[in-house]
Amino acid sequence: MFESFGFETLTPVTASLYLALALGVAFGVLAEITRFCLRRALVSADPSERRSAGGVWLMALAVALIGTQASVATGLINFDSHRLLASDLPVLAILLGGLAFGAGMVLTRGCASRLAVLSGSGNLRAAFVLVLFAIAAHAALKGVFAPLSSSLASVTLPLGDLTSLAALPGGALPYTAALALGFLAFALRSGASKLNLALAALIGLIVPAAWVGTGYILFDEFDPIVAESLSLTSPATATLFWGIASTSITPGFGVGLFGGILAGAAASSLIFGRFAWQSFESPAQTGRYALGALLMGLGGVLAGGCTLGAGLSGIPTLGFAAFLALAAIIVGAKIAGRVLNESGSGYGAQPSTQALQPAE
């Protein structure tokens with residue numbers, strides 16, 4: 001398919017870089033405006049803020065689900081060999097990784113995508129977290145934590161052919177319709193503004209656009225690339241590795257996506273006057289964010305993705321691995337939020353010092 005579009009001067013990898021850069025800029029702009037973040041929907045101190053943030057997130061998920069499954073139904077893409085639909089489910093790694101990631105994003109006051117947007121908006125706390133997040137994720141993939149990752153991933157649950165909702169009786173359509181309608185119903189009754197819901201729908205469209213772009217338009221049987229969509233864990237590690245060894249490797253989709261999100265968030269925050277330099281207020285705050293970053297990096301690898309990779313992009317595949325990962329992330333965030341509440345760290349009451357202010 002790639003050759004038929006006439007991209008004669010580009011390889012599929014280079015073309016995917018430009019595609020991801022454009023999609024990343026779009027996501028960065030939209031996410032900066034809407035304050036797109038799953039953490040806010042789970043543990044924000046204000047119930048109305050939790051509900052509206054959840055509505056924005058679920059609107060994006062509903063559109064991503066519909067668009068992705070429509071692309072599958074029309075034959076543009078398929079997930080037959082995708083890791084989220086593996087016949088052996090690494091259940092222990094996903095559960096522990098999801099719990100760790102959820103706890104980490106509460107400690108850092110932002111999911112990975114929100115922290116990327118905040119970094120582009122001048123938040124040095126978020127930038128610090130992203131660097132440690134990328135280092136920890138790379139260590140889990142190819143470094144000192146790799147043996148641990150491999151050991152946990154070896155504990156699997158055999159699923160056979162039943163790797164997704166699409167493999168159940170009735171096929172993908174009824175489950176897609178039921179999930180999408182449920183997400184849309186919550187979103188429309190969440191109290192989120194119509195503008196934010198509309199922008200969230202655009203965020204959702206980025207997911208199938210990326211799947212179709214990398215899995216269909218840029219498909220080349222002689223020079224294949226991996227079908228990818230919105231995620232942060234793998235792109236963060238790819239950007240880190242490319243940043244320190246750029247003369248040895250060719251940047252691809254992950255580098256473009258990560259850079260695009262930073263650029264889009266920076267442009268949006270500058271245009272609307274929201275760019276502001278921010279940093280840590282105390283050593284204790286720095287330590288908490290560092291711990292959260294390490295938990296997110298390791299957890300994102302073990303779980304097979306973050307709130308974007310396993311959630312916003314993963315759920316639309318209908319793979320059971322994605323549902324398990326997102327559920328574990330939510331549980332981890334809820335537990336961490338409750339622990340911080342009980343320890344007096346400020347989720348249940350208004351913070352008394354600037355050091356405890358949320359990242360966003």
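Biologist: Where does Arg35 lie?
Modeller: Arg35 is in the loop between helix 1 (12–34) and helix 2 (38–43). A helix here is a DSSP run of H or I with at least four residues, numbered from the N terminus. The model is predicted: local features need pLDDT of at least 70, side-chain atom pairs count only at pLDDT 80 or more, and totals for chains, interfaces and linings use all residues. Residues are numbered from 1 along each chain as its sequence is written, and side-chain values use heavy atoms, with hydrogens and water left out.

Biologist: Why is Arg35 called partly exposed?
Modeller: Buried means under 20% relative accessible area, exposed means over 50%, and partly exposed is in between, with a 1.4 Å probe and protein chains only. Arg35 has 30% relative accessibility, so it counts as partly exposed.

Biologist: What is the phi of Arg35?
Modeller: Phi of Arg35 is near 55°, a positive value in a residue other than glycine. Most residues other than glycine have a negative phi. Arg109 also has a positive phi, of about 60°, and Arg109 is in the loop between helix 4 (91–107) and helix 5 (112–120). Arg109 has a relative accessible area of 2%, so it is buried.

Biologist: What makes Arg35 and Glu49 a salt bridge?
Modeller: The rule asks for a side-chain nitrogen of Lys or Arg within 4 Å of a carboxyl oxygen of Asp or Glu. The N to O distance of Arg35 and Glu49 is 3.6 Å, and the pair counts as a salt bridge. Arg35 is in a loop and Glu49 in helix 3, so the pair ties together parts that are 14 residues apart in sequence. Glu49 also forms a salt bridge with Arg40, at 3.2 Å. Shared partners join Arg35, Arg40 and Glu49 into one network.

Biologist: How many salt bridges does the rule give?
Modeller: The count is three. One of them pairs Arg274 with Glu32 at 2.8 Å, N to O. Arg274 lies in the loop between helix 11 and helix 12 and Glu32 in helix 1, so this pair ties together parts that are 242 residues apart in sequence.

Methods
Helix = DSSP H or I, 4+ residues; strand = E, 2+ residues; numbered from the N terminus.
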